[in-house]
Amino acid sequence: MAKATSTSINRQKEIISAAIEVFAEMGYYRATTAKVAERANISQPYVFRFFATKEALLVEALKVSFARIIDSFHRVIHSASSEQLEQELIAAYSQIMMEYRNETLLQMQAQTIREDEVVSVMQQGFREIHMTVYDAFRRAGIEQAMERTMLFLARGMLCNISMSLDLPELMKKDD
């Protein structure tokens, strides 16, 4: 029985990974569960075995993408010195953007989707990131922790735009 559960969990993860790719490439509204099934090398009815709707699949994909960021930030928070905290959080997010580009694109797209459940998961994800960074900055004794948190998140959004539009000049620092 444990093997069947493990197989189901792995298959569900494969479907979510395929959905992230398809949604990022095609956009949520143009993407179909048939395309997700094709990318995952399974049948469309098998997708519906795990996810009742395309929206439910999107919600789970978003949860995975936010969990990756939060988990990465927690690892940094538990290992970085107060002096290096912000720079190591920036490095961690940059690494996620490089390795999981489609998840970043998915989150960017989801910001424009007005379905209640999608809005809710986006709000929850950003709130958790905000509170994680703010609490870490505050505990590290960083002055003006709330403002620094806001600037950190704003920089992250600018990084997203720079990456998605292939405009690295947006991230140039003073010489």
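Biologist: How many aromatic pairs does the structure hold?

Modeller: The model, which is a predicted one, holds six aromatic pairs. One of them is formed by Phe23 and Tyr28, with 5.5 Å centre to centre and 65° between the planes.

Biologist: Why is the pair of Phe23 and Tyr28 called edge-to-face?

Modeller: A pair of aromatic rings is described by the distance of the centres and the angle of the planes. Centres must lie within 6.5 Å for rings to pair, and planes over 60 degrees apart count as edge-to-face. Phe23 and Tyr28 have 5.5 Å between centres and 65° between planes, so the two rings pair and the pair is edge-to-face. Phe23 is buried, and so is Tyr28.

Biologist: What makes Phe73 and Phe152 an aromatic pair that is edge-to-face?

Modeller: Phe73 and Phe152 lie 5.8 Å apart, centre to centre, with 65° between the planes, and the cut-offs are again 6.5 Å for the centres and 60 degrees for the planes. The pair links distant parts of the chain, since Phe73 belongs to helix 4 (residues 54-79) and Phe152 to helix 8 (residues 145-164), 79 residues apart. Both Phe73 and Phe152 are buried.

Biologist: Which residues do ring pairs link into a cluster?

Modeller: The cluster consists of Phe23, Tyr28 and Tyr29. Of these, Tyr28 is found in the loop between helix 1 and helix 2.

Biologist: How do you know whether Tyr28 is buried or exposed?

Modeller: Buried means under 20% relative accessible area, and Tyr28 has a relative accessibility of 8%, so Tyr28 counts as buried. Leaving aside residues up to four places away in sequence, Tyr28 touches Phe23, Lys54, Glu55, Leu58, Gln109 and Ile113. Between Tyr28 and Glu55 there are 27 residues of separation in sequence and 8.8 Å in space, C-alpha to C-alpha.

Biologist: What makes you say that Lys54 lies over the face of Tyr28?

Modeller: Lys54 is at 4.5 Å from the ring centre of Tyr28, where the distance cut-off for a charge over a ring is 6 Å. Another case is Arg68, whose charged end sits over the ring of Tyr100, 3.6 Å from its centre.

Biologist: Why is the contact of Arg68 with Glu103 called a salt bridge?

Modeller: Side chains of opposite charge can pair when their charged atoms come close. The cut-off is 4 Å between a side-chain nitrogen of Lys or Arg and a carboxyl oxygen of Asp or Glu, and the closest N and O atoms of Arg68 and Glu103 are 2.9 Å apart, so the pair qualifies as a salt bridge. Glu103 lies in helix 6 (residues 101-110) and Arg68 in helix 4, so the pair ties together parts that are 35 residues apart in sequence. Glu103 is buried, at a relative accessible area of 6%, whereas Arg68, at 24%, is partly exposed.

Biologist: What makes the salt bridge of Glu21 and Arg39 a tie between parts of the chain?

Modeller: The side chains of Glu21 and Arg39 meet in a salt bridge of 2.9 Å, N to O. Glu21 lies in helix 1 and Arg39 in helix 2, so the pair ties together parts that are 18 residues apart in sequence. Glu21 is partly exposed at 31% relative accessible area, and Arg39 is partly exposed at 35%.

Biologist: How do you know that the buried residues of helix 2 line one face?

Modeller: In helix 2 (residues 33-40), the residues Thr33, Val36, Ala37 and Ala40 are buried. Seen down the axis of helix 2, these buried residues fall within an arc of 100°, so they line one face of the helix. Helix 2 is followed by Asn41, whose phi is positive, near 60°.

Conventions: Residues numbered from 1 in each chain as written. Predicted model: local features only at pLDDT ≥ 70, side-chain atom pairs only at ≥ 80, totals over all residues. Heavy atoms only, no water. Buried < 20%, exposed > 50% of the residue type's maximum accessible area, 1.4 Å probe, protein only. Helix = DSSP H or I, 4+ residues; strand = E, 2+ residues; numbered from the N terminus. Arc of directions from axis to C-beta. Phe/Tyr/Trp six-rings, centres within 6.5 Å; stacked < 30°, edge-to-face > 60°. Lys NZ or Arg CZ within 6 Å of the ring centre and 35° of its normal. Contact = heavy atoms within 4.5 Å.
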